[in-house]
Amino acid sequence: MGFQGNVLFLVVVSVLLVAGVATAGDVPMADNAYIGSEACFDCHEAADLGMEADVHMQIQSFEVQGREVGCEGCHGPGKLHMEESDPEMIRTFAEEADYSTKVCMDCHATKNLPEWDASIHALEAVACTDCHGVHGKRNKPNEACTACHADARAQFELPSHHPLREGKMDCSSCHNPHSATDFMLKTRLRKNDLCYTCHQSTEGPFIFEHPPVQEDCSLCHLPHGSVANNLLTANEPTLCLQCHDFHFHSGYRPPEEDPVDVGGIERHNPFGHEGFRVAYTTNCTGCHARIHGSDVPSQATTNYGKGLTQ
């Protein structure tokens, strides 16, 4: 098939797709006509009150390339419906959730939602009306999400959590529910780049880096909430021990007496016989405070300055 044949094929497919959206579930246009939203509100008073400040009712025809606006922009021509009082004579969206999404996307597919058909929500047959109210009913972003994602909502109740329940952020701070990115995150690069939009101080670059930090924040942190402090996947030193060994000092048991002679110098030993074990097996960041990276070498010589202690 030559170039002209390919073009003709694409044109035919496009016409069929547009025709499918325009006619699926619609009332035949014969003897039907648009009557304007005011005629609708003569019967649908509740919709009138709910839609008064709705953005859909503020759209002017020149903004939508000559499409019909108002009620009939979504519901189709209403002349026969008004004359017959028959709900079958107009789009109602009462039963076909998939059809309601097609009607919405007829306009919104070109309004920053080109990825919808490839998104997880679309593949799971989530309809626009499952999350969005049209006739005045508005779900808050978090409420719309937690209706399905109750497990994520529960994590925000854990002791360490992102400030969602405090109202300082919402699900859309990190997620785009209409996108086809990994986990619907608002980034097309690494997950880390999304975290760095708020946590810039951990980004670097650093002279002495901590490799997991550069690889993936979620290796150490949970994004919604955690029992451990700082959204960690586990408390210290358990988390650190998944990659590192204990210092050999943690097994050393000094004498009970105080002070202790160390290299000819008397040193105080306030923690006694278990001092080293307590110091080296409790909180790694007590010494390795710059856990995300540092530009200053540590004083230890065995790790070539990579101890991230300052």
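**A first look at this predicted protein model**

The protein exposes about 21,200 Å², and carbon and sulfur atoms supply 58% of that area. Keep in mind that what you're looking at is a predicted model. The chain has 310 residues, and 25% of them count as buried. If you take the contacts with a separation of 6 or more, 49% of them come from residues 24 or more positions apart.

**Around Asp216**

- You'll find Asp216 in the loop that runs between helix 12 (211-215) and strand 3 (225-226).
- Asp216 has a relative accessible area of 17%, so it counts as buried, the limit for that being under 20%.
- Its side chain has a polar partner in Ser218, with 2.7 Å between the two side chains.
- The side chain of Lys191 also makes a polar contact with the side chain of Asp216, this one at 3.4 Å.
- Setting aside neighbours within four places in sequence, Asp216 is in contact with Lys191 and Asn192.

**Cysteines**

- How many disulfides does a search of the whole structure find? The count is zero.
- Cys71 is in no disulfide, and its nearest cysteine sulfur belongs to Cys40, 4.2 Å away.
- The sulfur of Cys171 has its closest cysteine sulfur in Cys145, but at 3.8 Å the two are too far apart for a bond, because a disulfide needs the sulfur atoms within 2.5 Å.
- Cys71 is buried, at 15% relative accessible area, and Cys171 counts as buried too, at 18%.

**Salt bridges**

- Some background first: side chains of opposite charge can pair when their charged atoms come close.
- The structure has a count of eight salt bridges.
- One of them brings together the side chains of Asp106 and Arg67, with 3.1 Å from N to O. Asp106 sits in helix 6 (residues 97-108), while Arg67 sits in the loop between helix 3 (45-51) and helix 4 (71-75), so this pair ties together parts that are 39 residues apart in sequence.
- How accessible are the two partners? Asp106 is partly exposed, with a relative accessible area of 35%, and Arg67 is also partly exposed, with a value of 35%.
- Another salt bridge joins Arg188 and Glu115, whose closest N and O atoms are 2.3 Å apart. This pair links distant parts of the chain, 73 residues apart. Arg188 is in the loop between strand 1 (160-161) and helix 11 (191-195), and Glu115 is in the loop between helix 6 and helix 7 (120-123).

**A salt-bridge network**

- Arg153 and Glu157 form a salt bridge as well, with their closest N and O atoms 2.8 Å apart.
- Which residues are joined with them into one network? Salt bridges that share partners connect Arg153, Glu157, Arg165 and Glu166.
- Arg153 counts as partly exposed at 27% relative accessibility, and Glu157 counts as partly exposed at 44%.

How values were computed: Residues are numbered from 1 along each chain as its sequence is written. This is a predicted model: local features need pLDDT of at least 70, side-chain atom pairs count only at pLDDT 80 or more; totals for chains, interfaces and linings use all residues. Side-chain values use heavy atoms; hydrogens and water are left out. Buried means under 20% relative accessible area, exposed over 50%, partly exposed in between (1.4 Å probe, protein chains only). Contact means heavy atoms within 4.5 Å. Accessible areas come from the Shrake-Rupley method with a 1.4 Å probe; for residues, only the protein chains shown count as cover. Helices (H or I, at least four residues) and strands (E, at least two) are DSSP runs, numbered from the N terminus. A polar contact is a pair of N or O atoms within 3.5 Å; within protein, one must be able to donate a hydrogen and the other to accept it, and residues adjacent in sequence count only if both atoms are side-chain atoms. A salt bridge is a side-chain nitrogen of Lys or Arg within 4 Å of a carboxyl oxygen of Asp or Glu.
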